[in-house]
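Here is a short note for a colleague who is opening this structure for the first time. Please read the points with the model on screen.

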Amino acid sequence: MGVAIRTAGGDDRELVVRLLDEAFQDDPVSSWVFPGAEYRRVTHHRLMAAFTDATLADGRVDLVEDGSACALWMSVPAGDPGHGGADGGDDEFAALRHAVDPDNERVEMIGRLTAGMHPQSRAHEYLWMIGVAPGRQGEGLGTALIGSVLDRCDREGRAAYLEASSERSVRLYRRLGFELTGEPLRLPGGPLMYPMWREPRAAGAQA
């Protein structure tokens, strides 16, 4: 059975924020940015809201029709780090920290560090985040969301990029054609993040 996917709009903002907040509560990177379950429970949603607003403004949010999963995509031109402005990005990250959690330097740090390892040599589609409702994981919803964009990338000869937040995620993304690129990023005192790149597949290539 196919998965119905649509492009989210402004009316879907609260649904997307809630979905991402729930999906990433136990994620290693979110746990590093917001250490402590109670602290994360009351604060994490503000970062998810900032990411959602940025993507609704400048990218695209794909949403499973029943609201069980979503993916945040940015079309990144060559020369752009994909996490804010190519120039003066630190100001954007500082503003993000001020808006989300002013006393938490890790909110700013995660943006600067991931921007620093983001490939800039070629235009690509950037999978910023993908979230699946905790009770719906394992149903192939994430694969369907990603696959719809990767099919277009293959038709258009366009690469794709993401940062995986766990070794389990690395294995999942490898099945979709992504490969590790460069060295993993170790967050200070925290987990590894794995940059992954996918070259477009030729028409008719084996999945």
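1. Start with helix H1, residues 13–23. Its buried residues are Val 16, Val 17, Leu 19, Leu 20 and Asp 21. Buried means under 20% relative accessible area, exposed means over 50%, and partly exposed lies in between (1.4 Å probe, protein chains only). Helices (H or I, at least four residues) and strands (E, at least two) are DSSP runs, numbered from the N terminus.

2. A word on the source. This is a predicted model, where local features need pLDDT of at least 70, side-chain atom pairs count only at pLDDT 80 or more, and totals for chains, interfaces and linings use all residues. Residues are numbered from 1 along each chain as its sequence is written, and side-chain values use heavy atoms, with hydrogens and water left out.

3. What do the buried residues of H1 pack against? They pack against H3, strand S2 (60–64), strand S3 (69–76) and strand S4 (124–132). Contact here means heavy atoms within 4.5 Å.

4. Now helix H3, residues 37–58. H3 has 22 residues and reaches 31 Å from its first C-alpha to its last. That is close to the 32 Å expected at 1.5 Å a residue; the expected span is 1.5 Å times one less than the number of residues. H3 has a kink of about 40 degrees, centred on Thr 43. The bend at a residue is the angle between axes fitted to the seven residues ending there and the seven starting there. Thr 43 is also among the buried residues of H3, as are Arg 40, His 44 and Leu 47.

5. How do H1 and H3 pack? Their axes are 9 Å apart, at an angle of about 130 degrees. Axes are lines fitted to C-alpha atoms, for helices over the stretch in contact, and angles run from 0 to 180 degrees between N-to-C directions. H1 and H3 are therefore oblique to each other. Angles under 35 degrees count as roughly parallel, over 145 as roughly antiparallel, 65 to 115 as roughly perpendicular and the rest as oblique.

6. Look at the residues that meet. From H1 they include Arg 13, Val 16 and Leu 20; from H3 they include Ala 49, Thr 52 and Leu 56.

7. Asp 21 sits in H1. Asp 21 is buried, at 14% relative accessible area. Beyond residues up to four places away in sequence, Asp 21 touches His 44, His 45 and Met 48. The C-alpha atoms of Asp 21 and Met 48 are 6.2 Å apart, though 27 residues separate them along the chain.

8. Leaving aside neighbours within four places in sequence, His 45 contacts Val 17 and Asp 21.
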